[in-house]
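Work through the exercises below with the coordinates open beside you, and try each task before reading its solution.

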Amino acid sequence: MLVCVFVTVVLSTTATYVVGWSQRGDRQFLWSNYLSWMDYSVYYSYIHQAMDGAVVFTNYFTAEPQTGGMINIFWLGVGWFAKLFGLSAQAAFHFARIFWIGCFIAVAYGFIAYLFRDVRHRVLALFFVLYSGGVGVVVRSVTEMLGFADKQAEAAVVATQKYAPFSIDLWVPDSNTYLILKQSPHLIASLTLMLLVFLLVLCALESKSLRYSAVAGLAATALFQFHPYQVGTIYGVVGAYFLVLFVLKKEAIIDLIKHGTILLACSLPSVLYYVWLLFSDWRTRQLAIENVCITPPPWHVATGYGAV
């Protein structure tokens with residue numbers, strides 16, 4: 001069953017790329033989509049650097065002298081894969097995307113199986129995880145039909161506030177699972193590892209095995225190494241869950257401290273790496289300062305998540 005799901009998802013998320021390629025004519029085709037299309041150049045530059053033998057990546061898009069760089073194990077792996085099989089950066093990118101789609105489906109189904117015993121419930125839940133989205137298309141169509149959409153005002157918002165003034169499911173690549181599976185392998189890997197960490201934490205507390213906590217920590221540090229944005233998500237969600245368990249069962253405090261300490265210790269290497277990088281490299285600090293992601297108004301978030 002999972003194989004059929006995998007094939008269906010791969011076909012549905014790859015079809016638009018194939019159509020775009022078939023319509024390219026004599027023009028260059030980037031093998032990207034309209035969601036954060038400018039980011040693809042950065043991803044491809046990392047893959048090319050890895051193919052050329054680099055381990056520490058530099059910024060190809062500046063004329064400033066560079067003395068250091070950044071290690072990114074994810075794009076390093078994609079670059080090595082491309083070099084090993086003689087692939088282009090674009091081909092390796094999408095092969096990695098398809099590979100991580102399979103990984104995500106397997107982990108997502110494992111997480112769902114932890115929650116539901118009935119196979120029918122598992123299949124239904126997996127379907128909603130993979131294909132559910134917002135109502136942005138409906139809202140956008142209605143506002144345009146009624147004449148409420150002011151495209152000049154929207155362009156001004158994009159230029160000044162750095163976000164698109166409509167539902168996030170129309171322009172944020174990681175606003176729902178389907179767009180993530182369609183967008184980039186590193187986003188899929190990030191979501192897969194995040195789910196894996198949460199599943200391993202649940203298994204650790206249920207089985208009282210510290211091994212699960214250690215593996216969860218290693219999965220977390222792998223995630224943080226190429227997607228440090230998720231540090232707050234992992235620590236915040238796991239910390240809040242541990243706090244709730246402590247309030248409900250105060251006698252479990254010793255076990256919670258043990259598991260929390262193991263998880264934190266195993267996940268810290270990547271966190272410490274980025275802390276060191278922020279203090280030692282002014283370009284990294286500047287990138288962090290400029291990397292501002294403003295949350296759109298609540299109504300755009302609500303419609304982007306189906307108003308649930």
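The model is a predicted one, in which local features need pLDDT of at least 70 and side-chain atom pairs count only at pLDDT 80 or more, while totals for chains, interfaces and linings use all residues. Residues are numbered from 1 along each chain as its sequence is written, and side-chain values use heavy atoms, with hydrogens and water left out.

**Exercise 1. Describe how helix 2 and helix 4 pack, and list the residues that make the contact.**

Solution. Two packed helices are described by the angle between their axes and the distance between the axes. Helices here are DSSP runs (H or I, at least four residues), numbered from the N terminus. Axes are lines fitted to C-alpha atoms, for helices over the stretch in contact, and angles run from 0 to 180 degrees between N-to-C directions.

Step 1: helix 2 spans residues 39-51 and helix 4 spans residues 89-115, and the two pack at about 105° with their axes 9 Å apart.

Step 2: angles of 65 to 115 degrees count as roughly perpendicular, and helix 2 and helix 4 are therefore roughly perpendicular to each other.

Step 3: with contact meaning heavy atoms within 4.5 Å, helix 2 contributes Tyr40, Tyr43, Tyr44, Ile47, His48 and Met51, and helix 4 contributes Ala89, Gln90 and Phe93.

Step 4: sorted by class, this contact has 7 nonpolar, 2 polar and no charged residues, where Ala, Val, Leu, Ile, Met, Phe, Trp, Tyr, Cys and Pro count as nonpolar, Asp, Glu, Lys and Arg as charged, and the others, Gly among them, as polar.

**Exercise 2. Find the largest cavity, give its volume and state which helix gives the most to its lining.**

Solution. On a 1 Å grid over the protein atoms alone, a cavity is a set of points where a 1.4 Å probe fits but cannot get out, whereas a pocket is an open set with protein on both sides within 12 Å along at least five of seven lines; lining residues have an atom within 4 Å of a point. Grid points are joined across faces, edges and corners, and a volume is the space filled by probe spheres set on the points.

Step 1: the count comes to 1 cavity of 30 Å³ or more, and the volume of the largest cavity is about 40 Å³.

Step 2: its lining is formed by Val201, Ala204, Leu205, Ser213, Phe242, His259 and Leu263, and the elements that give two or more residues to this lining are helix 9 (185-207) and helix 12 (253-280).

Step 3: helix 9 gives the most, with 3 residues, and the lining as a whole divides into 5 nonpolar, 2 polar and no charged residues.

Step 4: one of the lining residues is Val201, which lies in helix 9 and counts as buried at 7% relative accessibility, given that buried means under 20% relative accessible area, exposed over 50% and partly exposed in between (1.4 Å probe, protein chains only). Residues up to four places away in sequence aside, Val201 touches Ala216, Val238, Phe242 and Leu263.

**Exercise 3. Characterise the second largest pocket, then examine Lys208 in its lining.**

Solution. Step 1: the second largest pocket holds about 210 Å³ of space, and the residues lining it include Tyr114, Glu206, Lys208, Asp255 and His259.

Step 1: helix 9, helix 11 (231-248) and helix 12 are the elements that give two or more residues to this lining, which divides into 7 nonpolar, 1 polar and 4 charged residues.

Step 2: Lys208 sits in the loop between helix 9 and helix 10 (210-226) and is exposed, with a relative accessible area of 58%.

Step 3: most residues other than glycine have a negative phi. The phi of Lys208 is near 60°, a positive value in a residue other than glycine.

**Exercise 4. Is Ile112 buried or exposed, and which residues does Arg283 contact beyond its sequence neighbours?**

Solution. Step 1: Ile112 belongs to helix 4 and is buried, with a relative accessible area of 6%.

Step 1: not counting residues up to four places away in sequence, Ile112 touches Arg122, Ala125, Leu126 and Val129.

Step 2: Arg283 lies in helix 13 (residues 282-290) and is buried, with a relative accessible area of 17%. Leaving aside neighbours within four places in sequence, Arg283 is in contact with Glu64, Pro65, Gln66 and Thr67.

Methods
Angles under 35 degrees count as roughly parallel, over 145 as roughly antiparallel, 65 to 115 as roughly perpendicular and the rest as oblique.
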